[in-house]
Amino acid sequence: MAQDTGVLPDREIEALVASGAIRTDTPLDEGQVQPASLDLRLAEDAYRLRASFLPGKERTVAEMLQEPGIHLHRIDLTQEGAVLETGCVYLVPLQEHLRLPAGIAARANPKSSTGRIDVFTRLVTNRSRAFDEVPTGYSGPLYLEVSPRTFPIMVRPGDRLAQIRFKKKRPDALKEKVVSIDLEPPAGQPAGYRAKHHSGVVDLRGLGAHDAAQFWEPVYPRDGRIVLNPEEFYILVSRETVKVGPNEAAEMAPIAPELGEFRAHYAGFFDPGFGTNTGGSRAVLEVRSRDVPFILEHGQPVAKLIYEPMLGKPAALYGGKGSNYQGQGLKLSKHFRA
């Protein structure tokens, strides 16, 4: 019996496109529809903001941008792309627009490769009072707030930094799994990587084109322990493997305050099929300490996985041709070569 609540699979996302509930400036790219999500593409310009904002229930984003002092200048992405600098906040219109039917809501999250290069993104909609959440029945454009934290990035129209999931209702009870940190790697191997500062630009289309040693330094624990430096960015890995079945999807909670003074994950979607054809894949964690140094010990809980049912089984599960992180252990983003 088909259930009436859960995350929409790829077939249902394609049906939303066909019905006009999802409208696009250009036809969908190959692989843009994932097993349980839709990749979102940058449009042709960006706005350098004075500060991040939410429009609130009475205003559109376009109206906010017309107010004095909200944005500093417009950036054209169409020539040879543009570099978005660290420490700055940008707002980029997206090529996708929504006209959601009643009963369908959505939630956005950075893509895995976006989080692994320490780029913070949040979805903004008209008349919104919360980032990343799209209420049922929303009709209008989508915008992405982009803030590179460690590396400046080169972006162009069509680049995909975030993805969106569509949901019908929300289950009353959700399955949770706590994951812990692995700080006992094989002898001579690092337990993670710490981002170097002032390392150069990451070109989002330069897959495997960046020398990892110029951007990252290995982290070696001592007695199963490391100290996170305040406001530095780390790539670490979970001790447990993660499996997401074909009839469920999962999301890593971006922070669980009771687990420590750090943010443990930027990019949190796990598609149906993740880890299922490899005996399990470990979760790579993007970790940033807060205001004080923080000691992490092997086996310490760091984040929560929240599982939700699918509304139907996807036509294609994660782990196919376009799956970059199936069967992963400790792994940098696809932009870097060893």
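Predicted model: local features only at pLDDT ≥ 70, side-chain atom pairs only at ≥ 80, totals over all residues.
Reader: In what order do the strands of the open sheet run?

Author: Strands of a sheet pair through backbone hydrogen bonds, either parallel or antiparallel. Strands (E, at least two residues) and helices (H or I, at least four) are DSSP runs, numbered from the N terminus. Two strands pair if DSSP finds at least two bridges between them. Here 4 strands follow the order E14-E26-E21-E23, with antiparallel pairing. E14 (175–180) and E23 (269–270) are the edges; each has a single partner strand, so one side of each lacks a neighbour in the sheet. E14 and E26 (residues 301–309) share 6 bridges. Lys 175 faces Tyr 307 in E26.

Reader: How many salt bridges does the structure hold?

Author: A salt bridge puts a side-chain nitrogen of Lys or Arg within 4 Å of a carboxyl oxygen of Asp or Glu. The structure holds 22. One of them joins Glu 251 and Arg 107 (2.9 Å, N to O). Glu 251 sits in E21 (residues 248–252) and Arg 107 in E8 (residues 104–110), so the pair ties parts 144 residues apart in sequence.

Reader: Is Glu 251 buried or exposed?

Author: Buried means under 20% relative accessible area, exposed over 50%, partly exposed in between (1.4 Å probe, protein chains only). Glu 251 is buried, at 11%. Arg 107 is buried too, at 19%.

Conventions. Residues numbered from 1 in each chain as written. Heavy atoms only, no water.
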